[in-house]
Structure formats: structure tokens, C-alpha cells
Amino acid sequence: MNSVNHAQPLPVYQQIAELLVRQIKAGYWHAGERLPTEAALAQTLSVAVGTLRKSLALLEKQGVLERIQGSGTYVKSVQGTQQIYELFRLELTNGPGLPTAQILDVAQARPEPGMPNWDGAVCWRVRRLRFSSQVPVALEEIWFPGTRIVNLSAPELGDSMYLFYQQRLNVWISRVEDQISAATAPDWAPATSPLQTGDWAGYIKRQSWTASNELAEFSKTWFDPKVCRYSSRLSQ
């Protein structure tokens with residue numbers, strides 16, 4: 001097993017932009033509502049005002065926010081946006097946080113029984129400890145076919161696997177299917193995990209497809225319901 005590695009983080013301004021979108025989708029602010037002042041928001045998020053302004057500019061460019069000179073920054077829309085953590089469904093019990101990850105192991109392996117077999121191809125298996133705003137919330141095991149990349153090490157992976165697929169494999173995830181149940185935590189749970197081997201946990205089995213309906217990823221997630229919840233929101 002490889003040594004534990006912190007995944008490559010997104011730039012801070014992009015982390016803040018992702019967090020703001022997650023909060024807007026959670027209903028903290030609604031379309032047409034004005035955000036707090038830059039000074040107040042920067043203090044709440046513990047970032048420099050300059051960093052926050054860069055985040056707001058990115059969201060304005062993406063059509064999420066509208067900045068009106070002399071009036072403030074308003075929520076415009078989050079419909080049709082494709083954020084990096086668009087499909088991350090776990091939230092802290094007190095609201096959405098910024099997802100990050102710690103890589104526990106990267107290895108090549110054959111698919112296990114009950115998993116997609118990708119025509120018998122050897123797969124990459126990534127095991128991670130997931131965090132939300134620095135709080136450990138879940139264990140995650142991700143499988144994807146090894147035909148697109150021959151060599152892979154933990155430092156090459158970032159906080160977002162979907163961003164890694166886009167940038168390194170030229171694979172874009174457009175659809176996922178989640179099956180939610182309960183299961184016991186796996187035997188590879190590290191001491192720093194909120195779940196230890198054999199603990200009962202919320203369990204998510206996910207399959208992810210590309211726009212051309214190619215199965216690109218299979219994952220298993222064990223989450224601690226004492227500190228986080230699975231959340232999915234639909235808008236008309």
C-alpha cells in the first residue's frame with residue numbers, strides 16, 4: 001500500500017467559488033438575493049478580500065453571480081452550470097462544505113465480483129479519505145479502466161477525480177447513478193477515519209457514464225451519518 005498523500009488541491013480562489021455554488025444550491029442564497037459585503041464574506045470564509053474578488057469574478061464569468069457597481073453582488077443563476085463538485089452529494093449536517101481528499105492507496109487490480117468488468121481489463125483502484133471543510137466524513141474506493149493510462153501515482157491525483165478524468169484522460173462525466181444503503185466500513189479504514197473497520201455506515205454505490213453512454217467509473221463510498229448526510233437537490 002502506498003503512503004498516505006494529500007490530493008493536489010484546487011487554487012484557493014477556485015475552492016471558494018466551488019463552495020459558494022454549493023451554498024447557493026443548498027438554499028443559503030436565492031436568485032436575485034444580494035450576497036454579504038466582500039469584507040464580511042471574506043471574513044466568514046477566512047480568505048483575503050483579493051482572493052474572494054477573484055472567486056466572485058470567476059462566478060460572474062460563469063453566469064452564477066451579477067456584480068452591480070455601487071450596489072453589490074447578486075445571485076443570478078446556478079442552472080446549467082457545471083462545477084467541479086457538481087456531483088458530490090455529501091454535506092456536513094450543518095450545511096455544505098468544501099470537499100477535499102487524502103489518497104490512501106493507488107493500485108492496479110482486477111474488478112471484484114459484482115462490479116463492472118470492462119471487458120476483463122485491469123483497472124486502477126483509488127482509495128481515499130474524504131473531507132468536507134477539513135472534517136473527515138467518508139471512505140471512498142474508486143475504480144476505472146486502466147486502458148487509458150499505463151502509469152499512475154498518488155501525487156498525480158487531485159481533490160476531484162472528475163477533473164483528473166477531464167485533464168488527463170479526456171473523459172467527461174455527464175451522468176451518474178447512485179444506489180444508497182447501509183454497509184460496514186471496509187478493512188482498509190485508517191486510524192484517522194471517522195469510521196473503523198466493521199462500523200455500520202451509510203453506503204453509496206455509484207456508476208458514472210460519459211455523454212456517449214460509456215461507463216467510465218465505479219465507486220463505493222462509506223459515510224458517517226453522525227457528521228454528514230447524502231443530499232440531492234432538483235430544480236424546476
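# Briefing: salt bridges, cores, cavities and a pocket

The side chains of Glu 38 and Arg 53 meet in a salt bridge, with 2.6 Å from N to O. This pair links distant parts of the chain, since Glu 38 sits in helix H2 and Arg 53 in helix H3, 15 residues apart. The model described here is predicted. A search of the whole structure finds 13 salt bridges, and the structure also holds three cavities of 30 Å³ or more.

**Salt bridges**

- Side chains of opposite charge can pair when their charged atoms come close.
- Arg 53 has a relative accessibility of 44%, so Arg 53 counts as partly exposed.
- Glu 112 forms a salt bridge with Lys 220, and the closest N and O atoms are 3.1 Å apart.
- Glu 112 lies in the loop between strand E5 (99-109) and strand E6 (123-132), while Lys 220 lies in strand E10 (residues 215-223), so this pair ties together parts that are 108 residues apart in sequence.
- Glu 112 is partly exposed, with a relative accessible area of 30%, whereas Lys 220 counts as buried at 12% relative accessibility.
- Lys 220 also forms a salt bridge with Glu 141, where the closest N and O atoms are 3.2 Å apart.
- Because Lys 220 is in strand E10 and Glu 141 in strand E7, this second pair ties together parts that are 79 residues apart in sequence.
- Both Lys 220 and Glu 141 are buried.

**Nonpolar cores**

- The largest nonpolar core has 31 residues, of which Leu 20, Leu 45, Leu 52 and Leu 65 touch the most other members.
- Two or more residues of this core come from each of H1, H2, helix H3 (49-61), strand E4 (90-92) and strand E7 (135-145).
- H1 gives the most to this core, with six residues.
- A second, separate core has 19 residues, including Ile 103, Val 106, Met 161 and Phe 164.
- Apart from its neighbours within four places in sequence, Leu 52 is in contact with Ile 16, Leu 20, Glu 38, Leu 41, Ala 42, Leu 45 and Val 47.

**Second largest pocket**

- The second largest pocket has a volume of about 460 Å³.
- Its lining has 19 residues, and Ile 16, Leu 19, Leu 45, Leu 98 and Ser 133 are the closest to its centre.
- Helix H1 (12-25) and helix H2 (38-45) each supply at least two lining residues, and H1 gives the most, with five.
- By class, the lining of this pocket has 11 nonpolar, seven polar and one charged residues.

**Cavities**

- The largest cavity has a volume of about 300 Å³.
- It is lined by 22 residues, of which Leu 87, Phe 88, Arg 130, Glu 140 and Arg 206 lie nearest its centre.
- E6, E7, helix H4 (161-169), strand E9 (200-210) and E10 each supply at least two residues of this lining, and the largest share, three residues, comes from E10.
- The lining of the largest cavity has 10 nonpolar, three polar and nine charged residues.
- The second largest cavity has a volume of about 70 Å³.
- Phe 144, Pro 145, Arg 148, Tyr 165, Leu 169, Val 171, Glu 214 and Ala 216 line the second largest cavity, and E7 and H4 are the elements that give two or more residues to this lining.
- By class, the lining of the second largest cavity has six nonpolar, no polar and two charged residues.

How values were computed: Residues are numbered from 1 along each chain as its sequence is written. This is a predicted model: local features need pLDDT of at least 70, side-chain atom pairs count only at pLDDT 80 or more; totals for chains, interfaces and linings use all residues. Side-chain values use heavy atoms; hydrogens and water are left out. On a 1 Å grid over the protein atoms alone, a cavity is a set of points where a 1.4 Å probe fits but cannot get out, and a pocket is an open set with protein on both sides within 12 Å along at least five of seven lines; lining residues have an atom within 4 Å of a point. Grid points are joined across faces, edges and corners, and a volume is the space filled by probe spheres set on the points. Helices (H or I, at least four residues) and strands (E, at least two) are DSSP runs, numbered from the N terminus. Ala, Val, Leu, Ile, Met, Phe, Trp, Tyr, Cys and Pro count as nonpolar, Asp, Glu, Lys and Arg as charged, and the others, Gly among them, as polar. A nonpolar core is a set of buried Ala, Val, Leu, Ile, Met, Phe, Trp, Tyr and Cys residues joined through side-chain atoms within 4.5 Å. Buried means under 20% relative accessible area, exposed over 50%, partly exposed in between (1.4 Å probe, protein chains only). Contact means heavy atoms within 4.5 Å. A salt bridge is a side-chain nitrogen of Lys or Arg within 4 Å of a carboxyl oxygen of Asp or Glu.
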